[in-house]
Each structure stands twice: as C-alpha cells, then as structure tokens.
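Here is a short briefing on one protein chain. Look at the structure first, then read the points below.

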Amino acid sequence: MSTGDVDFDRFRLRRLVEQLTERDEVEVHDEPVALADLSSIVEASPKAVLFRTAGPERLELVAGVMGSRRRLAIALGVEEADSVREYQRRLATPQQHFEVPSADAPVHQVVLTGDDIDLTKLPFHLQHDLDGGPYISAAMDFSVDPATGRHNVGCRRLMLRGRRHLTTNLTAPSDMKLTYRACVDRGERLPISFAIGSHPTSFLAATSRRPGDEFDLVATLRGAPLPMVQGVTNGVPAPADAEMIIEGYLDELGYRELDGPYGEFWGFYGAAHIDPVFHVTAIAMRQDVLHQSMLHGCQDMARMEGTSLGTLHTEATVYAALRAARIEPSAVHASSAVATGQHVRVAIDQAAAPGQARQVISALFALPGMKHVTVVDSDVDVRSDAEVEWALSTRFRADRDLVVADGFPGFYSD
C-alpha cells in the first residue's frame, strides 16, 4: 500500500474521542486540572473523561475510552449487541502491517532526542492513592525479538524514574519477559517502542494471545492494514498513527529497580517488586498530541477498561469452545463485574437437547481461568442481572443443578 492511500486519522484516538463526544459518552473538563486530581475525577465519572488543560504543562488527556462495552462497540463501528460477531468476523479476515517513511508518519511530526527528552513533562500521575509513584497506564509495547525476529505487542504501565528513565512491569509471565531474560543472558539490550494514545482495537490485539505475527494481529482487529514506522533511534516499528511513542531499550543489567506497589485490575494492590530499567532515547508525537490514561484497578470492575476488552475476548472464546463441543448457545455473556471473564452466563435451548447444561459447564471448565458458569434456558436474557436472579430463584435447585469441580489453579486474589 502506498503512503498516499493511507488514512492516518481513521484509527486515531482523537477522532474516536470526537465520535464518542457526539454520542454523549465523554465528560469534558475545560478548566485546569492538577495531575494529582485526574484519577479521582476519572473514577467518579461513568463516561470517558477529556481534560483540555491537565497538569502544569496544560496537556490534553483522555481516560476511560474503553470503559464500557458500548464505547468499545462504537470503536468497532457496530451496535453493542453485534460486537462479538464483528470481533469474530475480523479474526476470520486477516490483515497485515506495512511500513511507511518517517517523513509521512504523523507520530513523527515532533521528535525529541538527547537533552530535549524530559519525561517529567509528560502526564505521569498517581493512578491510585497508595501507588508507589506516578505512572502512565495506557502504554502499548512493540518489540522485535533480537534472536528470532518475532514481533510482540503487549500492554504495560510505565513508572516514572527520572527525566530519561522509567520502569515497566515485567514480572507476570509474558513473551516479552522470556525475550528480555534471554537478552540478559546474552548480555544484550532489548529495544522497545511504547505507543501511548491508541485506538481500542489495538488494545484488543495487545490483550489477546493468538498464534501468528502480533503486528498483523493489530491490523486484523482494526479490520484494515496497519501503517507502522521504524523508531528514529531504536529501529523498532510502531503504529505511525499513534498519538505518541516513547523509544528506548531495557538495559542488559536485568531486574534492579523497585516498581510499585500498584492498584491492580483485581481491585487489590499488587506488592512492590523489582523490574528492569528502560532508557528513553526519543519521544515522538503528533503536533496536537492527545495523551491517554486508562482506568485500571477500581472498585467498580464494570467501569475498568480492561474489563470491556476481557469480556469481549471471553465471549468469543466461549462461543468457539462450545461450537467445538457441538453446542450452539442461544446467547453468551461474560460478567463485567469481574476483571478477567471468570464468570460466564450461557443460554441454551435445553428442551431441544436435555442434559446439555452439564455439557456446557464441562466444556467451559476446560478453559483456563474459568471460575463460575451459569446456564439458563433461552427465554432468559443472560445480560440481565434481574432475569438471571429470577431464574435462579424459580428454576435452580442446588441438590440437582449445582456442579462443583475442584483442583483448578487459583489466582492470587483467591
């Protein structure tokens, strides 16, 4: 694809925020707001929140963009009820990434290197009261394994450590953790580009574990080819239409700086731990950059942005698992009250296949992380708490209908 054919605004975060504002999904603050006050305002609002004048640098910043299934469906260009079907359609229609020259990449309109790099001018802020320091919570990492050439995409929080240094959470199992440990064993650095200010479909890709090229997965979930641009200092490709990119590398010295504590997605604080140090070699951004923060870790799990992404992933996975077991559900719903799709409701036409409810439960307990499965008749709306509670009160008998399985690994919250 030639650069002249690329619409660099189609998947731009700012354009989506404009669409959400037109749909009355954004709370706008024109008045100056201190960085220390951002998180409390974001958590208090049921909408996405746009700050026109945030912090001492008077930055534009948006948060909560993916904080509901409705907003996620708008990003997918469909009605909420059609979001899973659209997600499945895109996965079945692979797309690819391609590179564009730096001169054509909007995210390279402003490039800061050397003494011009100053992370303290970016909107790092306290995300939760007891966090160990200020963070940017909406970073997506793009990297290339130096040994294999494999492309990797993920989501990371970034903790401010100085004008040119930060830490990123690399403790949980991940492909990047394996790649970095191998780099340390070889005495090598791991170059990474962090994109900040991204379209929700990119986050869908970054939170999905699927085989194949992960740069292409971002394109696939966009439903369109992905323009990428090589880093000006580290050579790592990242989306050319992002709002901002922080380039640099994890050094070869391994885990050596304290990160956290941090308010995790379960609604609990994660303990402080040791992480590697990221050295910033460039900051690239659009001239009218829109910064991004995520509501991550709060008491109302349904408002947390990772929940909307997780429920969509889970529902698609449940449909696939049940169809593999030759079960066609009437409807599937992953509860937004929990963080990672542990609670699922399935509606089936049991009159047509008596005893199928237990087959559903058996098939879903085989999925990693599944904790509670509720199966109802097809006349019950699985998205309605009231209808499911009514069905439990009128149709459920624990001595006959409760299935308990044990021996599954728990999460740390257990």
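R163 is partly exposed, at 40% relative accessibility (buried is under 20% relative accessible area, exposed over 50%, partly exposed in between, with a 1.4 Å probe and protein chains only). The model is predicted: local features need pLDDT of at least 70, side-chain atom pairs count only at pLDDT 80 or more, and totals for chains, interfaces and linings use all residues. Residues are numbered from 1 along each chain as its sequence is written, and side-chain values use heavy atoms, leaving out hydrogens and water.

**Salt bridges**
- A salt bridge puts a side-chain nitrogen of Lys or Arg within 4 Å of a carboxyl oxygen of Asp or Glu; the count here is 36.
- R163 forms a salt bridge with D118, with the closest N and O atoms 3.7 Å apart.
- This pair links distant parts of the chain, 45 residues apart.
- D118 counts as buried, at 13% relative accessibility.
- One network, joined by salt bridges that share partners, holds R12, R14, D30, R52, E60, E243 and D288.
- E25 and R70 also meet in a salt bridge, at 2.3 Å from N to O.
- E25 is buried, with a relative accessible area of 10%, whereas R70 is partly exposed, at 33%.

- R15 and E18 form a salt bridge, their closest N and O atoms being 2.8 Å apart.
- Both lie in helix α1 (residues 13–22), 3 residues apart, about one turn of the helix (helices are DSSP runs of H or I, at least four residues, numbered from the N terminus).
- R15 is partly exposed, with a relative accessible area of 22%.
- E18 is partly exposed too, at 36%.

Technical notes
Helices (H or I, at least four residues) and strands (E, at least two) are DSSP runs, numbered from the N terminus.
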